Amino acid sequence: MPTFIDHHEMSDVAPEMAAAIGERIKAGEADDHGVKGLNVFLGKDGTAFCLSEAPDADAVVKAHQAYGFSLDSADVVEVQSVV
C-alpha cells in the first residue's frame, strides 16, 4: 500500500481527540477510507505532519476531513522510505 505524508494546521485539538488518534495509530487500524495512520509529528508552531498508508491521496484527504481537519490534496505527498 502506498505511503503518504501530509502537512496541515493542528492547533486547538482537544486532548480526547489527540488520544483517540494516537490509539488508532497504536492499534494499526485502518479507518473507513482505508487509511492507516503510522505516525503524527507535531510542530511547535501548531502544525502537524501525518504519515499514513492509504489507497490514494484522496483517501488521506477524506480521512482528515472526517476528523474535522481541513486538508488540501496539494498538501499530501506520496513518499518512499530509504531505510
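Is Asp-58 buried, partly exposed or exposed, and what is its relative accessible area? In the predicted model examined here, Asp-58 is partly exposed, with a relative accessible area of 43%. Asp-58 forms a salt bridge with Lys-62, and the closest N and O atoms of this pair are 3.1 Å apart. Because the two residues lie four positions apart in helix α2 (residues 57–66), Lys-62 and Asp-58 are separated by about one helical turn. Lys-62 likewise counts as partly exposed, at 39% relative accessibility.

The confidence of the prediction may be stated before the remaining features are described. The protein chain has an average pLDDT of 92, and 100% of the residues score at least 70. Confidence is lowest in helix α1 (residues 15–27), where the mean is 87, whereas strand β4 (residues 76–79) has the highest value, at 98.

The strand arrangement is that of an open sheet, in which four strands follow the order β2-β3-β1-β4 with antiparallel pairing. Strands β2 and β4 form the edges, each of them pairing on one side only, and the twist from one strand to the next averages 25°. Strand β1 (residues 3–9) pairs with β3 in the antiparallel sense over seven bridges, and within this pairing Glu-9 stands opposite Thr-47 in β3. Helix α2 packs on the sheet, where it touches β1, β3 and β4, and the direction of the helix makes about 40° with that of β1.

Asn-39 has Leu-51 as its bridge partner in β3. The hairpin formed by β2 and β3 has four residues between the strands, and in this hairpin Gly-46 takes a positive phi near 90°.

Ser-52, which lies in strand β3, provides a local view of these pairings. This residue counts as buried because its relative accessible area is 4%, a value to be set against the limit of under 20% that defines burial. The C-alpha atoms of Ser-52 and Leu-38 are separated by 4.9 Å, although the two residues are 14 residues apart along the chain. When neighbours within four places in sequence are left aside, the contacts of Ser-52 include Pro-2, Thr-3 and Phe-4, together with Val-35, Lys-36, Gly-37 and Leu-38, and also Val-60.

The side chains of Lys-36 and Glu-53 meet in a salt bridge with an N to O distance of 3.5 Å. This pair links distant parts of the chain, since Lys-36 belongs to strand β2 (residues 36–42) and Glu-53 to strand β3 (residues 47–53), at a spacing of 17 residues. Both partners are partly exposed, Lys-36 with a relative accessible area of 27% and Glu-53 with one of 24%.

The remaining salt bridge is formed by Glu-23 and Lys-26, whose closest N and O atoms are 3.8 Å apart. Because these residues are three positions apart in helix α1, about one helical turn separates Glu-23 from Lys-26. Glu-23 is partly exposed, with a relative accessible area of 48%, whereas Lys-26 counts as exposed at 68% relative accessibility.

Definitions and conventions: Residues numbered from 1 in each chain as written. Predicted model: local features only at pLDDT ≥ 70, side-chain atom pairs only at ≥ 80, totals over all residues. Heavy atoms only, no water. pLDDT = per-residue confidence, 0-100. Salt bridge = Lys/Arg side-chain N within 4 Å of Asp/Glu carboxyl O. Buried < 20%, exposed > 50% of the residue type's maximum accessible area, 1.4 Å probe, protein only. Contact = heavy atoms within 4.5 Å. Pairing = 2+ DSSP bridges. Axes fitted to C-alpha atoms, helices over the stretch in contact; angles between N-to-C directions.
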